[in-house]
Amino acid sequence: MAQSDEEEDYMTMTIEEPANRETNMQRIARKRREAQERAYIKPKAEREAEEEAAREASLLTPLPSTNKGFKMMAKMGFKQGDALGKSENARTEPIKVNVKEDKSGIGLESERKRKIREQFEKAERDLKRSKAEDLDYREAQRQQMREKKMESDLYRAQKTTERLDEKDLGGKDPSEIRLKSINLLWRGRERYRREKIRERKDDQQLRNSILARQPTYEDDDEDKDYQTALGREELVTTIDDDLEEEDQEFEEFEALPIIERLEKVLMFLREKHHYCYWCGHQYPNAEMEGCPGLTDDEHD
Amino acid sequence: MTVKRADYDSDDDSSRAKRVKVEANGNGNGGVKMEPSSNPYLAHWNDEPKKNPDNSADRLYSFKRHGTNAKQAQAAEDGPLNPFTGKTLSKNYMGILKKRRDLPVHQQRDEFLKLYQESQILVFVGETGSGKTTQIPQFVLYDDLPHLNSKMVACTQPRRVAAMSVAQRVAEEMDVSLGEEVGYSIRFEDKTGPSTMLKYMTDGMLLREAMHDHDLTRYSTIILDEAHERTLATDILMGLLKEVVLRRKDLKLIIMSATLDATKFQKYFHDAPLLAVPGRTHPVEIFYTPAPERDYVEAALRTVLQIHSSEGEGDILLFLTGEEEIEDACRKINLEAQELIRDGLAGPLQVYPLYGTLPPAQQQKIFNPAPPPATPGGRPGRKCIVSTNIAETSLTIDGIVFVVDPGFSKQKVYNPRIRVESLLVSPISKASAQQRAGRAGRTRPGKCFRLYTEVAFKKELIEQTYPEVLRSNLASTVLELKKLGIDDLVHFDLMDPPAPETLMRALEELNYLACLDDEGDLTQLGKLASEFPLDPALAVMLIVSPEFYCSNEILSLTALLSVPQIFVRPANNRKRADEMKDLFAHPDGDHLTMLNVYHAFKSDSAQENPKQWCHDHFLSVRALQQADNVRLQLKRIMERNELELMSTPFENKKYYENIRRALVAGFFMQVAKRDGNGKTYVTVKDEQNVLLHPSTVLAQESEWVVYNEFVLTTKNYIRTVTGVKPEWLLDIAPNYYDIDGFKKGEIKNALQRTMTKVLRKEAETKGRR
């Protein structure tokens, strides 16, 4: 043992605060707990998930510029963000590593994998957000409540708008109309319904085709109905195409802050249908006599 | 991380000496360049051709270099004497010549010559079956006349086997013996001679030659064949030659590709002219599945059996990903087919596996003819080949009419962020899928069954397979480039530059290995390491091994790590195979176990009948013999560089410890520490959770291990592991194990504890003194 040359100085030695010292019982408990933690062998599934999460996390983290190789490259004139070589559009990111976990064919992307990636990205986003938001917790809560209320108000106001607009459609079912000609203010509702329908149909088609695996390849002699029944022939409808179509107007609307969207819907209700959302009443004329005002606060 | 593309240079100096010899005794019409008329001793040579005007060699002599045409060349080819050797042409020659003139490239010989003569760089596109690999180099010979200038024509191939077999074929076509006028040079084997004028070689070999001869002065024309495969060596060569052609205006360069994507090559080589020759292929009808498959292997088997029972005559080629999958599929197809045959629903079916590690004799079987119908006039018999993607480009099997393509292959991937180079099952590219389909149209119109939807083909498959340079650890490439005199690696003009992080990692690794200094310049150790056709970690381990008194053993180990798996573990006899392996097991790990195997293999009793001995002990005689060969090659390089070969006496208790320490000297960046008391390990610095590969002999109590390979599958495995002590890590690689550079955590704590222990011990011994 290396011994210090000096005698220990008892006079100036600080005596540890007894309060900080753990009692015998506490120590035994701590030791036991630690031993348990060490001895705990994680279940296979947990271990594998951890393994994969660690791998995905590392794969998403670029090498830092403190890397020795970076310094050498800097001497050759490399700057962060540059690509190598002389050609244009050279890559700056390494090729993604995808570990195939099963025998699924091309096109059946493994759901689990995508989820892990999404979770990781979400965790990272949340972390960033919690750092950025230095707001008082209660203020944040209140803000959240306000947003929630606005969301439900918007939902209900849109529903009302659709109901009132329906009269103008002249009895036509909204699902028969081209999406783009539907009132922007409640187009999202119709879109959502159509997406649901399509999802269900896709699911059924997939199931059908799995059932109809033998024989796999199309036979021209088979009659058309039979093929349709086996899910080989896609039932193409205009609605599907409609959904695929780009709808810039709608996207722009959806991108607005919720408060603006709500305002637009409420104003539309007042002007077109003489309806006040807060009163919950449709007035006979544009004067809207009896309505105390435009905002929620004015209706107590 | 295993050894990569190790192309052993077969003693450069001696082959250069051979070239000198050509000029001295200049056989035939060679050596005329040195103006023999001025040399009185050679006067007899001078007039020899003139005395014999019928000698066709004379005709070649009168050829104007880079001024000939197809007619002249054909007249010379017609004989009666061999234009290159002056010997009488064999009967066989004429038969082959007739067939050669039927090849599609032959139609465009004049067009080719014109472009070849006009430009320094030429891009040539010829689909499989056009005859480009065998014919173009010969077209060049008749115009470039390399033998009259003591130069050679080089034609590179991505694969060893191709270099060998094509050279053999061309030697036959030219009616010369292999190794004379036509030769080949591949890792471990140099079959060329003083009269060689056409040399087929692996691209890696040419790259290694460039390390000693930056301008490749011994060649007058260089042909890069199969450039579309974009191997690492081909890509580096292209970058290099792009610079060489500026310095050497007399050097001609031909880039040959089998795909129409050749415009990319054209663009890269400053809009070089392009010549395309159509292949000889038949239309192939393509079928897609209506929905994605749940299990591509099962779908593949179903499809094969369906083809067999319902389609007309023609053989089947099924693409799967690896040995195990292929063997399993073969078994299942056989079983099911027998049932079909018994029920009279199909004719006989012969199933053959095909993959790289299959012994050559078994690979050869795929060329057997399909079985005949069971009864005359009965349902047709056929063969079914289940192959990895080696049947995609490198092997041509006639008779294939049906191709089944599940859309996957095993591809090497490298990611610098987790430093893993691994073979992973990945979706193929569109280009690959087209190539696979094309295999069905070699003999007659065929069908290709893609086991994915047309939408998936369009949306999920990438256009081109990523070139190897984007999927590899570049540590050894960087070392090679440094040796090639390329200092600005950042701006080296590669066709597809990799991500900057890949270069970053390579430089960092080489710096830790002390092959590059902090400025990025080659150190003495780095220069030495570049002499070895090995991964830098292996090279460094070998070079420093004399310091650990075990260079003999490390030399053997390096050789063993450079060859395919030496242990054989057949599916039907795993238990026995494992028992046999246990005979050699060393408790400290797999590296030492491999060494035990090698020593046993070299014993007199084993050498009496190595084949039988290996068979009895479940070892691969091919791999072990190959290791022996590699060892010899490496030993020569060591001797040339005056690296001492020595061993610690076996009785010394440090015998194995020294070997393990030397292992650390090369592989200190591939270390893992056990996590708690569990089974898992965590890799140092990268902090990946890993398991020991089930094949290991290492006992569980090893706290720290070095590993040779990080295998990515559904689980992360480290393979070929040996236990080491943390003290060694701190002692042998202090730069890498600088504790301050570690993240907080168990590994840092453990290293800290070790450091304290070491310091205490040191102080103690000092105190005692």
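Reader: How many residues do chain B and chain A give to the contact?

Author: Chain B gives 74 residues and chain A gives 56. Contact means heavy atoms within 4.5 Å. The model is predicted, local features need pLDDT of at least 70, side-chain atom pairs count only at pLDDT 80 or more, totals for chains, interfaces and linings use all residues, and side-chain values use heavy atoms, without hydrogens and water. Residues are numbered from 1 along each chain as its sequence is written, with chains lettered from A and ligands numbered from 1 in the order in which they are written.

Reader: What area is buried between chain B and chain A?

Author: About 6300 Å², of which carbon and sulfur atoms give 62%. Buried area is the accessible area (1.4 Å probe) that two parts lose on being put together, summed over both. B:Arg417, B:Val490 and B:Met504 supply 12% of what chain B buries against chain A, more than any other three residues.

Reader: Why do B:Glu325 and A:Lys103 count as a salt bridge?

Author: The rule asks for a side-chain nitrogen of Lys or Arg within 4 Å of a carboxyl oxygen of Asp or Glu. In this pair the closest N and O atoms are 2.7 Å apart. That is within the limit, so B:Glu325 and A:Lys103 form a salt bridge. Across the interface of chain B and chain A the rule finds three. It also finds 12 residue pairs in polar contact, both residues at pLDDT 80 or more.

Reader: Which helix gives the largest share of chain B's side?

Author: Helix 20 of chain B, with nine residues. Helices (H or I, at least four residues) and strands (E, at least two) are DSSP runs, numbered from the N terminus.

Reader: What makes B:Asp203 buried or exposed?

Author: Buried means under 20% relative accessible area, exposed over 50%, partly exposed in between (1.4 Å probe, protein chains only). B:Asp203 has 3% relative accessibility, so it counts as buried. This residue is found in helix 10 (residues 203-212) of chain B. Residues it touches, leaving out those up to four places away in sequence, include B:Thr156, B:Pro158 and B:Leu237.

Reader: What makes the link between the side chains of B:Asp203 and B:Thr231 a polar contact?

Author: A polar contact is a pair of N or O atoms within 3.5 Å; within protein, one must be able to donate a hydrogen and the other to accept it, and residues adjacent in sequence count only if both atoms are side-chain atoms. Here the distance is 2.5 Å.

Reader: What makes the phi of B:Glu226 stand out?

Author: Its phi is positive, about 55 degrees, yet B:Glu226 is not a glycine. Most residues other than glycine have a negative phi. B:Glu226 sits in the loop between strand 6 (219-224) and helix 11 (232-247) of chain B. Its relative accessibility is 15%, so it counts as buried. B:Tyr549, also not a glycine, has a positive phi of about 55 degrees. It lies in the loop between helix 22 (536-544) and helix 23 (551-561) of chain B.

Reader: How far apart are the C-alpha centres of domain 1 and domain 2 of chain B?

Author: They lie 32 Å apart. Domain bounds come from an automatic or database domain assignment. It gives 70-277 for domain 1 and 284-469 for domain 2 of chain B. Between them, 11 residues of domain 1 are in contact with 10 of domain 2. The two domains bury about 810 Å².
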